[in-house]
Amino acid sequence: MFELSLLNFVVLSLAGILTGFINGVIGGGSLISYLALTATGVPPVLAASTNTVGVVTGNPSALITPLRERQIQFRAWFPLAAMTAVGSVVGGYMLISLPERVFEFLIPFLLIISGASVWIRPKRSEVQSRGLLPLLFGSGVYNGYFGPGQGILNLSILYRGTTYEPATLVILKNYIITASNVVVSILFAVSNKVIWLVIPILWIAVGLGGWLSHMVTRHLNEKILRIGLSSLAFSSSAYFLFS
């Protein structure tokens with residue numbers, strides 16, 4: 001059972017900073033905050049829903065500058081965001097409706113997906129893909145049901161399925177994930193599937209980590225971060241599988 005002890009406060013704060021930091025460099029950082037929640041005594045399903053709400057502010061903050069510079073194409077991008085958001089609601093409903101043992105059984109495999117996602121190398125597309133919307137729906141289901149690594153998956157889907165320039169794709173990715181996270185967070189909130197005590201801690205820590213990442217990104221070796229994150233995901237998968 002979760003208690004907000006001093007130790008748990010420190011663990012969640014550090015995990016939140018790492019989450020924001022890694023998300024600002026390569027993505028996939030919410031794996032850290034999820035594992036921290038489970039390590040501090042939060043049950044797996046409740047940890048997944050709380051984690052989604054806890055990192056919800058990360059992508060909207062990245063849209064502030066593009067919004068000011070009018071780089072967001074609301075009308076053109078709305079169908080992509082809406083399809084992903086619908087998928088996230090489906091995934092979120094599955095998370096809170098299916099027996100917890102189903103999620104507990106799937107955790108090792110979800111962690112493997114999360115760990116593998118950091119090695120995805122997006123490929124450029126020359127034409128708009130007809131399979132773009134179904135793929136975004138699928139990524140939304142994954143986000144609603146678990147979450148870590150969805151940003152990388154989305155960016156890969158958009159690279160392969162659209163003809164936008166890379167800088168625009170990053171903005172589009174943040175726009176889509178913002179819609180997805182906000183919608184599923186509302187679902188979790190009204191379903192009383194959130195430990196609100198830890199939310200301010202994660203919001204502040206994730207924001208701080210994101211800010212720090214922009215200060216030191218040029219001096220980091222992304223490969224080392226990818227190795228560390230994937231190793232953590234795979235070792236955690238083995239722990240959940242054999243514990």
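Author: P43 counts as partly exposed because its relative accessibility is 34% (buried is under 20%, exposed over 50%, partly exposed in between, with a 1.4 Å probe and protein chains only). The model is predicted, so local features need pLDDT of at least 70 and side-chain atom pairs 80 or more, while totals for chains, interfaces and linings use all residues. Residues are numbered from 1 along each chain as its sequence is written, and side-chain values use heavy atoms, without hydrogens and water.

Reader: Where does P43 lie?

Author: P43 is in the loop between α2 (30-39) and α3 (44-54); helices are DSSP runs of H or I with at least four residues, numbered from the N terminus.

Reader: What separates the C-alpha atoms of P43 and F2?

Author: These C-alpha atoms are 8.4 Å apart, and the two residues are 41 residues apart along the chain.

Reader: Now the helices: at what angle do the axes of α9 and α10 cross?

Author: The axes of α9 (residues 150-161) and α10 (residues 166-190) cross at roughly 130° and come within 9 Å. Axes are lines fitted to C-alpha atoms, for helices over the stretch in contact, with angles from 0 to 180 degrees between N-to-C directions. α9 is therefore oblique to α10 (under 35 degrees is roughly parallel, over 145 roughly antiparallel, 65 to 115 roughly perpendicular, the rest oblique).

Reader: Which residues of α9 make the contact?

Author: Q150, G151, N154, L155, L158 and Y159 of α9 make it, and the α10 side includes P166, L169 and V170. Contact means heavy atoms within 4.5 Å.

How values were computed: Helices (H or I, at least four residues) and strands (E, at least two) are DSSP runs, numbered from the N terminus.
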